[in-house]
Amino acid sequence: VAADFKVINAGIGGNNTVDLLKRIDKDCLAHKPKLTILMVGTNDMNSAKYIPLADYENNLNQIVKKIKATGSKVLMMTILPCYEPDLLTRHKAEFYQPEGVEGRRKQVNAVIKKLAAKHKAHLLDLGHRFLAIGHLGTDKDSLIQNMANSNKRDGIHLTATGYRFIGLSVYDFIINHKLPVSGIVCFGDSITRGDGSIDRD
């Protein structure tokens with residue numbers, strides 16, 4: 001029965017850890033997930049919704065604790081690399097000082113890995129996978145939106161191919177680690193959400 005394979009997409013564009021804490025009961029826990037796929041941190045590290053690293057860690061810790069307390073398994077994912085020249089057309093370079101864009105991303109991912117270990121959550125290092133594949137620049141086949149493939153300088157959001165790569169990576173992880181294949185909630189931001197439609201690229 002199709003309902004047995006229900007996956008709830010609870011990703012919302014622009015969300016950071018503060019937003020997730022505000023809506024965790026309604027959008028995640030209320031569904032009684034058997035598996036929660038959690039990815040958040042991209043907005044926390046960028047200027048519009050910036051959250052200092054210590055606060056990010058505290059917020060993420062609370063999110064994972066609340067989910068684990070319900071008995072749901074948790075799959076945490078690291079955040080993805082950016083294409084800095086395009087990202088810095090949208091956010092000021094000085095905002096990322098002193099650690100820089102890549103330095104800050106590494107700090108966020110270190111927190112994700114630390115909390116995954118602390119809570120014995122599953123960890124999928126998506127950031128590492130995207131770096132290993134490459135294709136994160138100005139070419140049309142970049143996995144990140146750019147002028148050549150989407151007619152805008154973005155630097156952070158993915159193309160349809162990039163989202164498919166996440167989907168395939170998550171699917172493989174679930175199967176290989178024998179995680180629940182039904183009762184899944186994907187909880188996070190726009191990277192978590194993807195396109196979420198069947199009528200667009």
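I began with F95, which is partly exposed at a relative accessible area of 23%; here buried means under 20% relative accessible area, exposed over 50%, and partly exposed in between, with a 1.4 Å probe and protein chains only. I keep in mind that this is a predicted model, in which local features need pLDDT of at least 70, side-chain atom pairs count only at pLDDT 80 or more, and totals for chains, interfaces and linings use all residues. Residues are numbered from 1 along each chain as its sequence is written, and side-chain values use heavy atoms, with hydrogens and water left out.

I then looked up the ring partners of F95, and found that F95 and Y96 form an edge-to-face aromatic pair, 5.1 Å centre to centre with 80 degrees between the planes. For such pairs, the rings of Phe, Tyr and Trp (its six-membered ring) must have centres within 6.5 Å, and planes under 30 degrees apart count as stacked, over 60 as edge-to-face and the rest as tilted. Y96 is buried, with a relative accessible area of 0%.

I noted that Y50, F95 and Y96 form one aromatic cluster, and that Y50 is partly exposed, with a relative accessible area of 34%.

Last, I checked for a charge at the ring of F95: the charged end of R104 sits over it, 4.7 Å from the ring centre, where the criterion is NZ of Lys or CZ of Arg within 6 Å of the ring centre and within 35 degrees of the ring normal.
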